[in-house]
Every structure is written in structure tokens, then in C-alpha cells.
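Please keep the sequence and the three-dimensional view at hand while reading.

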Amino acid sequence: MNVQIRDRSALLSLSITSLRAYLHARDWQNLGQWGQRPATVYAKEFDGRTWEIIVPHQDTVGGYAAGMAEAVAVLAVVEERSQLDVFHDLASTSADVIRLSSMNGTAKVPLSLRQSTEFLNDSYNLLAAAARSAERARATHRGPLSANVADFLGHVRPLPGYYEGYELTLHSPVPMGLETQPPLELGDDFYPPFPRLATLKLAEALEHSTAAVATAMTEGSLAAFDRAVPHGVSANLCDAVAELAREGEGVEISVAWAEVRPQSQHPSPASTFRFTSHSADILDEAARSFRLNEPFLDESVVAQVVQLAREPEAFDGRATILYVREGRPIRMQTEFGEETYNTVISAFKEREPIKLDGDIYRVKNSFELRNPRNLSLVTAQADHFTEGRSTTT
């Protein structure tokens, strides 16, 4: 495609740092300052001649947009590519780049409005899941997005052209790394800025998802997914990848790091992960398993004490309670604090229901109520309510 970049606002969006990083990564030679002018000359040999690019020291100088246009034009000639491709790569030097595309030849088949919407939505959910795990790794993410995650997603931009087929390039801007922090000092290896933290977690989660799918195929077990939760694998991420793989007849996802902020943890220029359409079924099952085994935190429970682990005179706090949840009775093991022993024993002997708060966990084929708190007898509450109510005849 022979396109010349002339859009002034687009050219002004290219930063000096991005251009320097781009030239450095492609072995252009720094010849030093351009005489007495506030600019640096970069040079490279190609096709029997020396090509030069002038990089200003400030983006407030007159003719900045024209200078960037000339740099794009020279790079297009030297690299034998279109100016549009060069421009997009220059823009990506200040952003982590996430690319998604079909593995099965559907990348260039035009998408309908519905397909485009679903493609963007699945991609959004993928990044949202990774960003939420960057804050806190959980098997299932629920509730509203945090300010960090919402801000990150608000700055990610799709490049033009996604509507032309099942292929999408996303740019996630990251702050410029002014210095490379040496080992043992505070820097990106210790705590990256959140946009980089999110894309790092995305790559980590996709890597462990790939391994977990392979293990599930060979061993017939989802245990590898459970072990991958600390690495960013969640029901949300599995759902998103499954949809992308299914709709794209296989999906390839790659992550590349912004050249203005090199990533020492991932020295390769890109990390690429592939999921076939067959992977989608496994990912769906993993997501379902995550949700099935997800703990119900801070649940309010009205239950019956049906069994004490020991006789009342030797009670040690361990008991079984019967609780009806969503119309289904479930028995749960729990352990009460010593200060509630008398109340629990009374409820058991008198067959009185109790009310309490706790965290419900599935353990294999049974349930446990952990951290029981705010325990009281339901009948005691009712009696208290009746005593404070006036009656008429």
C-alpha cells in the first residue's frame, strides 16, 4: 500500500523518544549533534548510499510535524515498506503491543457489525481479566473494575483495520523508562508501572493457560488450571480466550514490549501463544470449574446445627450445619470460636436455627464454612423483636 502520512495531528503524536528508540533498535548510527542546531543526526547505509534522519531535541520546534513526516518517508524507503506500516511501528515503540489473529485463514474475511462487536468485546474481556489479576490473582473476578484497571483499559487503543477481518492490534501506552535500573535497586523488576504490570500478567497468564490446556489434553485433569491461578489464569480469562479461539477457528495472541521501556523479564521481542478451536472446550470447562468451586465470601447464613463432632460436655467447636442455598440443602463443616460454644450447644439441643456470617468453600464434594462470625439464635432475635413491638386487640 503506497500511502503517504500527511495528517498533522497523527505526525505530532509521534514522540522524539519513540523515534530515538526505533532508530536505536534498528542499528541507525548516532552521528551526534547537527552543527549548532538543537537536533541529532542518525545515519544508515542502504542501497549504495547514506541515508540520514534528523531528530530534534524538542517537540516544540517549528516544522516538527514535517520533520516526522520526512523521517517516516526515509524509513519506508530504507525498510522497503509502506509509510503506514512504518508509522504504526513508530507509534508502537511507546506502547506494549497485543496482537490477536485467526490461526485458520479467517483473518482477512470481513467481519459483520455483530462479529466486530463480539471480537472487540472478547479482546476487552481478555485484557480486563489480566489487569484484574495483576492487582489480585483470583479464580473468578466479580464486581466493578478498580480505578487502576479502568484507567488502563481506557488508554488501550485498537489500530484501524480490525473491521476488515479477524485480526486486531492493540496499543497499551507505557511511561518512558528514563534509566535502566541495575539489579537490587527499585525499578521495573521490582514494581513496573501498572500498564506494564497488566501486559506482563497477560503474557504470564497466557503462557500458563497454554501449558494447562496441554496438561488437560494429556492427563484429563483440570488441576493445572487451579495451580495457574496465581499466574493470572481465571474464569474470566478462560472465557475470553475460549470465545476468541472459537470465533477465530483458533487464535494467536502475541505480546511485544514498548521499545521506550525495555522488559528485562522477557528478553525476546515478542511472546506468542496459540489456542486452537479444540482448546475452547477445555477452557470453557476450566471456567465452569472455577465458578463451581468459587468460595462465597461474607455469606449470611441461617442454618441448623445437625451434628457436634464431640459430645456437648467435650465440645471443641467442630460441628456440622445444614443450610439451604438456592433451594438446595447442603451440609457444611465448620469450627466455632470458644466464645460461642454455649450458643451452638443450645441450638443443637433445642433444634433452634442459628444466624451467622461466614465464607463458604467447596472441598472436593463437600462444603466448609470458614471464619464463622456474628453468631446468634434466630429465635432469640424473634423474641427480642416481639418484646419491642406493641400489640392491639
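How many bridges join E9 to E12, and do these strands run parallel or antiparallel? The two strands are joined by 6 bridges and run antiparallel. The model discussed here is a predicted one.

**The barrel**

Strands E9 and E12 belong to a closed barrel of 5 strands, arranged in the order E9-E10-E11-E13-E12 with mixed pairing. From one strand to the next, the twist averages 50°. In general, the strands of a sheet pair through backbone hydrogen bonds, in either a parallel or an antiparallel manner.

| Strand pair | Sense | Bridges | Residues opposite each other |
|---|---|---|---|
| E9 and E12 | antiparallel | 6 bridges | Glu299 and Gly358 |
| E10 and E11 | antiparallel | 8 bridges | Thr320 and Gln333 |

Strand E10 covers residues 318–325, and strand E11 covers residues 328–335. A helix also packs on this sheet: H11, formed by residues 341–350, touches strand E9 (296–308), strand E12 (354–363) and strand E13 (366–377). The direction of H11 makes about 55° with that of E9.

In soluble globular proteins, nonpolar side chains tend to be buried together. The largest nonpolar core of this model has 54 residues, and the residues with the most contacts inside it are Leu100, Leu126, Leu127 and Phe225. Helix H7 (residues 194–219) supplies the largest share of this core, namely 11 residues. Another core lies apart from it and has 25 residues, including Tyr42, Ala71, Val74 and Phe87.

Phe225 deserves a separate description. Leaving aside residues up to four places away in sequence, Phe225 touches Ala212, Val213, Ala216, Val233, Cys238, Ile282, Leu283, Ala286 and Phe290.

**Serine 133**

Is Ser133 buried or exposed? Its relative accessible area is 3%, and because buried means under 20%, Ser133 counts as buried. With residues up to four places away in sequence not counted, Ser133 touches His141, Lys201, Gly232 and Ser234.

Conventions
Residues are numbered from 1 along each chain as its sequence is written. This is a predicted model: local features need pLDDT of at least 70, side-chain atom pairs count only at pLDDT 80 or more; totals for chains, interfaces and linings use all residues. Side-chain values use heavy atoms; hydrogens and water are left out. A nonpolar core is a set of buried Ala, Val, Leu, Ile, Met, Phe, Trp, Tyr and Cys residues joined through side-chain atoms within 4.5 Å. Buried means under 20% relative accessible area, exposed over 50%, partly exposed in between (1.4 Å probe, protein chains only). Helices (H or I, at least four residues) and strands (E, at least two) are DSSP runs, numbered from the N terminus. Contact means heavy atoms within 4.5 Å. Two strands pair if DSSP finds at least two bridges between them. Axes are lines fitted to C-alpha atoms, for helices over the stretch in contact, and angles run from 0 to 180 degrees between N-to-C directions.
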